[in-house]
Amino acid sequence: MPDRTRESSRSLTRQSVMVAGFCLLADTLTFYYDTAGTLPATRLWGLMTGLVLVDAALASAARLSGLVALAQAMLALIGALAMPDDGTLTDLNGAGTLIAAYRSGAWLHGRQAALALMYLAAGSIGAHMIAGPAPTDWRVLVLDAVKEALLAWLVGRYTTARGAHIAELEQRTARERERARHALADAIVEERSAIARDLHDVIAHHVSAIGVHAGAARLGIDAKERSPVSTALAAVEASSRAALLDLRRLLDFLHNKPAADARQPGLDDLDELIRSVAAAGLDTRVLVEGDRQALEGSLDIAVYRVVQELLTNALRHGDGQVAITLRYATSSITVVAVNPIAAARRFGHDTPHRGLQGVSSRAGLFDGSATYGPTPGGSEWKTTVTFSLDGT
């Protein structure tokens with residue numbers, strides 16, 4: 001049994017014991033003060049003992065509610081027979097009768113619930129008939145039975161029906177929430193598939209064309225000639241092939257069908273990345289500070305993608321050089337990139353730094369941060385990205 005269900009059961013048990021205790025206290029004190037000095041001691045304490053037993057039974061299991069109702073009705077009749085023949089009916093177990101009626105209406109169903117109500121109504125009517133010196137008006141007897149049995153029984157039925165209705169509403173809400181969750185998941189899968197198709201149709205086509213044209217141009221140059229042009233074309237070919245490979249991996253992940261040997265690049269692929277940008281003309285220096293440590297998969301990928309973005313930015317906007325520092329600490333890893341700003345761009349207008357915004361988003365996923373901007377003097381651009389290791 002789950003802890004929550006067990007605690008709820010214990011709470012209900014404590015409440016039923018408390019209700020039975022208060023009924024017992026109210027009935028015994030009322031009966032004692034009403035009959036003290038008017039009944040023989042033996043009869044008084046005999047009725048008190050019976051009252052204690054039937055009121056204590058109000059804390060019993062719900063399935064015994066019918067027997068408890070019968071016991072309350074019989075005690076009411078016995079009490080009426082034991083009272084002095086003076087035409088008055090002493091309230092022996094009024095509180096117990098009300099709670100027994102409520103329990104019967106709330107916990108019993110069908111024939112058992114109807115029988116329990118009949119027991120209590122018969123006990124009320126019989127007690128009033130026995131106590132009266134003369135035949136009592138039947139309308140008065142019915143009204144007494146309604147007050148002492150039927151109303152509490154109906155309240156119990158209403159409470160149970162209301163609880164069942166609320167439970168049904170909660171279940172319906174939970175089902176609707178689950179359907180909405182599945183619908184959202186299906187929509188996300190469909191959107192990812194659409195994005196994958198668009199990426200393939202647009203990017204893959206153009207990147208493939210770039211690679212083909214670069215290869216054709218390189219082959220058109222004399223093979224014996226080693227010129228910057230042929231070197232650059234070879235770098236374009238290699239970069240386009242690497243881009244297509246990365247694109248296929250991303251498309252497989254978007255389709256939720258990654259290849260068995262598919263692997264996202266990480267810091268172990270950093271040397272290859274540096275060689276590719278070096279072939280494109282970017283002089284890259286890498287410095288590692290602290291004890292290098294293996295990173296968790298998603299963090300390893302994120303750090304690699306950040307370094308890739310910083311190298312791309314240096315290649316596009318810099319002056320042919322960049323210094324990358326990987327700083328390992330106990331609870332964080334920091335990537336620092338410093339590159340000269342190309343003279344033609346030093347005094348240009350600000351443009352949206354969408355790539356750097358993506359870098360900030362990647363760092364934020366790992367409770368990190370990113371800062372970037374020109375250094376004092378405006379001749380260099382510095383980007384610092386910190387990733388937390390505490391959550392990995």
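L29 is partly exposed, with a relative accessible area of 40% (partly exposed runs between buried, under 20%, and exposed, over 50%, using a 1.4 Å probe and protein chains only). All of this comes from a predicted model, where local features need pLDDT of at least 70, side-chain atom pairs count only at pLDDT 80 or more, and totals for chains, interfaces and linings use all residues. Residues are numbered from 1 along each chain as its sequence is written, and side-chain values use heavy atoms, with hydrogens and water left out.

L29 sits in helix α1 and belongs to a nonpolar surface patch of about 800 Å², together with M18, F22, L25, Y32, Y33 and W45. Helix α1 (residues 3-35) gives the patch its largest share, six residues. Y32, Y33 and W45 also form one aromatic cluster.

Zooming out, the protein chain has 10 helices and five strands, taken as DSSP runs numbered from the N terminus (helices H or I, at least four residues; strands E, at least two). Of its 392 residues, 32% are buried. The chain exposes about 23,800 Å², 59% of it supplied by carbon and sulfur atoms, with areas from the Shrake-Rupley method and a 1.4 Å probe. Among contacts (heavy atoms within 4.5 Å) between residues at least 6 apart in sequence, 69% join residues at least 24 apart.

One such spot to look at is G156, in helix α6 (residues 138-220). G156 counts as buried, at 0% relative accessibility. Leaving aside residues up to four places away in sequence, G156 touches Y102, G105 and A106. The C-alpha atoms of G156 and Y102 are separated by 4.6 Å, though the two residues are 54 apart along the chain.

Helix α8 (residues 270-279) has two faces. L270, L273, I274 and V277 are buried; they cover an arc of only 100 degrees around the axis, so they fall on the same side of α8 (the arc being that of directions from the helix axis to the C-beta atoms). An α-helix has 3.6 residues a turn, so residues three or four places apart point the same way. D271 and R275, on the other side of α8, are exposed. The cover over the buried residues includes β1 (283-289), α9 (297-317) and β2 (321-328). Just after α8, G281 takes a positive phi of about 105 degrees.

A positive phi turns up again at D367, about 55 degrees, although D367 is not a glycine. Most residues other than glycine have a negative phi. D367 lies in the loop between α10 (354-364) and β4 (369-374) and is exposed, with a relative accessible area of 66%.

As for aromatics, the structure holds four pairs, counted when ring centres of Phe, Tyr and Trp (its six-membered ring) lie within 6.5 Å, with planes under 30 degrees apart called stacked, over 60 edge-to-face and the rest tilted. F366 and F387 are edge-to-face, 6.2 Å centre to centre with 65 degrees between the planes. F366 is in the loop between α10 and β4 and F387 in strand β5 (residues 380-388), so the pair ties together parts 21 residues apart in sequence. Both F366 and F387 are buried. Y372 and W381 are stacked, because their ring centres are 6.4 Å apart and their planes at 20 degrees; Y372 is partly exposed, at 32% relative accessible area.

How values were computed: Patch = residues over 30% accessible without salt bridge, like charges linked within 9 Å, V, L, I, M, F, W, Y side chains within 5 Å. Salt bridge = Lys/Arg side-chain N within 4 Å of Asp/Glu carboxyl O.
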